[in-house]
Amino acid sequence: MYENLNQTPQAVYDGTETNWNDYVYRSAFQHNHSLSASRGTDKTQYYFSVSYSNQEGIIRSNELER
């Protein structure tokens with residue numbers, strides 16, 4: 001079953017050049033959205049805020065959404 005256990009593995013090169021940066025890195029986008037409101041009277045005041053953020057990383061499969 002395992003005939004070649006004592007042989008050193010050999011790398012196979014077929015002449016193709018691979019630019020690994022194209023596979024690992026990408027252009028990244030960032031989206032930020034915010035909405036806020038405030039109001040008040042002589043006795044009370046309030047402030048309301050909502051935000052959304054989506055950031056893609058420059059390395060593929062690396063992003064943050066909150």
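Reader: What does the side chain of Ser53 make a polar contact with?
Author: In this predicted model, the side chain of Ser53 makes a polar contact with the side chain of Asn32, at 3.0 Å. A polar contact is a pair of N or O atoms within 3.5 Å; within protein, one must be able to donate a hydrogen and the other to accept it, and residues adjacent in sequence count only if both atoms are side-chain atoms.

Reader: Is Ser53 buried or exposed?
Author: Ser53 counts as buried because its relative accessibility is 12%. Buried means under 20% relative accessible area, exposed over 50%, and partly exposed in between, with a 1.4 Å probe and protein chains only.

Reader: Which residues does Ser53 touch?
Author: Not counting residues up to four places away in sequence, Ser53 touches His31, Asn32, Leu64, Glu65 and Arg66. Contact means heavy atoms within 4.5 Å.

Reader: And which strand is Ser53 found in?
Author: Ser53 is in strand β2. Strands (E, at least two residues) and helices (H or I, at least four) are DSSP runs, numbered from the N terminus.

Reader: What about Asn54?
Author: Asn54 also has its place in strand β2. At 17% relative accessibility, Asn54 counts as buried. Leaving aside neighbours within four places in sequence, Asn54 is in contact with Phe29, Gln30, His31, Glu63, Leu64 and Glu65.

Reader: Leu64 keeps coming up. Where does Leu64 lie?
Author: Leu64 lies in strand β3. Leu64 counts as partly exposed, with 38% relative accessibility. Beyond four places in sequence, Leu64 touches Ser53, Asn54 and Gln55.

Reader: How do β1 and β2 pair?
Author: Strand β1 (residues 30-40) and strand β2 (residues 45-56) pair in the antiparallel sense over 11 bridges. Two strands pair if DSSP finds at least two bridges between them. β1 and β2 form a hairpin, with 4 residues between them.

Reader: Which residues stand opposite each other?
Author: Ser36 stands opposite Ser49 in β2, and Arg39 stands opposite Tyr46 in β2.

Reader: What order do the strands of the sheet have?
Author: The order is β1-β2-β3, in an open sheet of 3 strands with antiparallel pairing. β1 and β3 (63-65) stand at the edges with a single partner strand each, so one side of each is left without a neighbour in the sheet. The twist averages 10 degrees from one strand to the next, where axes are lines fitted to C-alpha atoms, for helices over the stretch in contact, and angles run from 0 to 180 degrees between N-to-C directions.

Reader: Changing topic: how do the elements of the chain run?
Author: They run α-β-β-β from the N terminus on, with 1 helix and 3 strands in the chain.

Reader: What radius of gyration does the chain have?
Author: The chain has 27 Å, whereas a compact globule of 66 residues would have a value near 11 Å. The radius is taken over C-alpha atoms, and the globule rule is 2.2 Å times the number of residues to the power 0.38. The C-alpha atoms fill a box of roughly 90 × 30 × 15 Å, taken along the principal axes.

Reader: How much of the chain is buried?
Author: Buried residues make up 5% of the 66 residues.

How values were computed. Residues are numbered from 1 along each chain as its sequence is written. This is a predicted model: local features need pLDDT of at least 70, side-chain atom pairs count only at pLDDT 80 or more; totals for chains, interfaces and linings use all residues. Side-chain values use heavy atoms; hydrogens and water are left out.
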